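Here is a short briefing for a first look at this protein. Keep the sequence and the structure in view as you read.

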Amino acid sequence: MDHAPSDLRAVPCMLMRGGTSRGPFFVESDLPADPAQRDRVLLAAMGSPDPRQIDGLGGAHPLTSKVGIVRRSTTPGVDLDFLFAQLQPNGDTVDVTPNCGNMLAAVLPFALERGLLPIGGGTGDDTTTARILTLNTGMQCDVTVLTPGGRLQYTGTARIDGVPGTAAPVSIDFLDTAGSVCPSLLPSGRALDRVDVPGPGTIEATLIDNGMPMVLVRAADFGITGYETAAELNGHAALKEKLEALRLACGPLMGLGDVITKNYPKMCLVAPARQGGAIATRCFIPHVCHDSIGVLAAVTVATACVLDGSVTQGIASVPAGRTKAVSVEHPTGEFSVELEVDGQQVARAALLRTARPIMRGEVLVPGPY
């Protein structure tokens with residue numbers, strides 16, 4: 001890890017785009033084993049804290065201030081372990097408690113690039129599938145990428161909103177996402193809560209976690225349409241103040257305790273769809289309005305849409321049947337989630353992402369750690 005020509009230390013990494021997120025990926029053994037030392041390396045690598053992240057790889061936005069750490073798994077039946085780290089441009093914390101489904105899409109391509117798994121996995125077809133354990137929450141999923149002729153394929157015709165152009169598909173089949181961080185899918189035990197919030201008063205909300213702890217509220221209850229742009233909402237200081245007051249009130253109700261310094265629960269304003277989808281959303285992560293929507297946030301919103309009595313009732317439009325394709329509209333397009341529903345439970349969630357490597361090399365950080 002030493003970089004002899006200077007007093008900086010060189011740490012191997014690959015800069016990857018996963019879905020609508022981007023950040024460096026590391027093999028776990030290339031980072032210090034001590035968490036405090038590891039976090040200092042990650043902060044230096046990303047250039048945090050600094051709103052511009054001018055001294056690091058970060059992109060001055062929460063979506064581009066993320067890190068993936070990967071290793072071969074020792075858990076029976078699991079191929080890879082993935083630890084996601086959320087950094088903030090202007091913060092000095094490294095949060096490894098939440099999930100990130102977008103960064104998850106880049107885990108298998110990174111592992112194949114770095115030789116952690118063999119391409120093809122011995123199946124002999126044109127794809128490679130691996131079971132990945134997200135260490136942050138214990139969630140498992142099966143991820144499949146295209147590997148025709150024993151080579152990773154990144155180009156293709158799959159398109160996801162929020163990313164220019166097209167690419168090869170990355171299929172993600174979530175095995176069990178209910179209560180990823182909270183105690184259960186509906187941590188309060190109810191599909192709809194009336195939350196008393198200092199200032200705004202009583203607000204109806206659905207507190208839910210099917211991969212991401214979220215608070216869903218009607219946009220109309222906050223005096224907005226729910227179709228505003230992310231920039232317009234980011235400039236709405238009074239709205240953001242009300243949402244934060246609600247978020248702090250919901251934390252204990254969701255079994256999360258005091259969430260003032262946590263990156264969750266995420267906040268989501270919902271409204272009737274107007275582009276042919278099931279529902280329109282504006283998500284805050286948690287203080288910045290997302291330009292699109294996170295993977296597990298989309299899964300969680302879609303789940304709320306199929307639950308009787310949630311805040312989406314009377315707003316969402318979902319198809320009949322046990323297997324439902326739910327289109328979640330967001331500021332820059334839509335995100336389709338396939339759910340297999342059994343009563344008030346979701347047995348399976350599947351979706352499609354894309355990913356690609358942007359750079360491979362070494363990030364230089366000040367030493368010693």
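Strand 8 (residues 170-174) has a covered face made of Val170, Ile172 and Phe174, and an uncovered face made of Ser171 and Asp173. Helices (H or I, at least four residues) and strands (E, at least two) are DSSP runs, numbered from the N terminus. In a regular strand the side chains alternate between the two faces of the sheet.

This is a predicted model: local features need pLDDT of at least 70, side-chain atom pairs count only at pLDDT 80 or more, and totals for chains, interfaces and linings use all residues. Residues are numbered from 1 along each chain as its sequence is written, and side-chain values use heavy atoms, with hydrogens and water left out.

**Partners of strand 8**

- Strand 7 (residues 139-146) and strand 8 run antiparallel and are joined by 4 bridges. Two strands pair if DSSP finds at least two bridges between them.
- Asp142 stands opposite Asp173 of strand 8.
- Strand 16 (residues 345-353) also runs antiparallel to strand 8, with 5 bridges between them.
- In that pairing, Val170 stands opposite Arg353 of strand 16.

**Two domains**

- The protein is divided into domain 1 (8-175 + 355-366) and domain 2 (193-331). These bounds come from an automatic or database domain assignment.
- The centres of the two domains, taken over C-alpha atoms, are 26 Å apart.
- Across the boundary, 16 residues of domain 1 are in contact with 15 residues of domain 2. Contact means heavy atoms within 4.5 Å.

**Pockets**

- Pockets and cavities are found on a 1 Å grid over the protein atoms alone: a cavity is a set of points where a 1.4 Å probe fits but cannot get out, and a pocket is an open set with protein on both sides within 12 Å along at least five of seven lines. Lining residues have an atom within 4 Å of a point.
- The largest pocket has a volume of about 290 Å³. Of its 16 lining residues, Gln88, Asn90, Asn263, Pro286 and His287 are the closest to its centre.
- Grid points are joined across faces, edges and corners, and a volume is the space filled by probe spheres set on the points.
- The lining of the largest pocket has 7 nonpolar, 7 polar and 2 charged residues. Ala, Val, Leu, Ile, Met, Phe, Trp, Tyr, Cys and Pro count as nonpolar, Asp, Glu, Lys and Arg as charged, and the others, Gly among them, as polar.
- Domain 1 and domain 2 each supply at least three residues of that lining.
- The second largest pocket holds about 190 Å³ of space. Its lining has 14 residues, with Thr20, Ser21, Leu63, Gly162 and Val163 nearest its centre.
- Both domains give residues to the lining of the second largest pocket, so this pocket lies between them.

**Cavities**

- The whole structure contains 2 cavities of 30 Å³ or more.
- The largest cavity has a volume of about 200 Å³. It is lined by 18 residues, and Lys66, Met212, Lys266, Ile285 and Gly294 lie nearest its centre.
- Helix 6 gives the most to this lining, with 3 residues.
- Domain 1 and domain 2 both contribute to the lining of the largest cavity, so this cavity lies between them.
- The second largest cavity has about 50 Å³ of space. Val170 is among its lining residues, as are Val145, Leu146 and Ala355.
- That lining has 9 nonpolar residues, 1 polar and no charged ones.

**A buried phenylalanine**

- Phe26 lies in strand 2 (residues 21-27).
- Phe26 is buried, with a relative accessible area of 0%. Buried means under 20% relative accessible area, exposed over 50%, and partly exposed in between (1.4 Å probe, protein chains only).
- Phe26 and Val70 are 44 residues apart along the chain, yet their C-alpha atoms are separated by 6.3 Å.
- Beyond its neighbours within four places in sequence, Phe26 has contacts that include Val11, Leu42, Phe110 and Val363.

**Backbone details**

- The peptide bond from Tyr264 to Pro265 is cis, with omega near 0°. Pro265 sits in the loop between helix 5 (237-253) and strand 12 (266-271).
- Ile285 and Pro286 are also joined by a cis peptide bond, with omega about -20°. Pro286 is in the loop between strand 13 (279-284) and helix 6.
- Gln53 is not a glycine, yet has a positive phi of about 50°. Gln53 is buried, with a relative accessible area of 1%.
- Ala60 has a positive phi of about 60°. Ala60 is partly exposed, at 37% relative accessible area.
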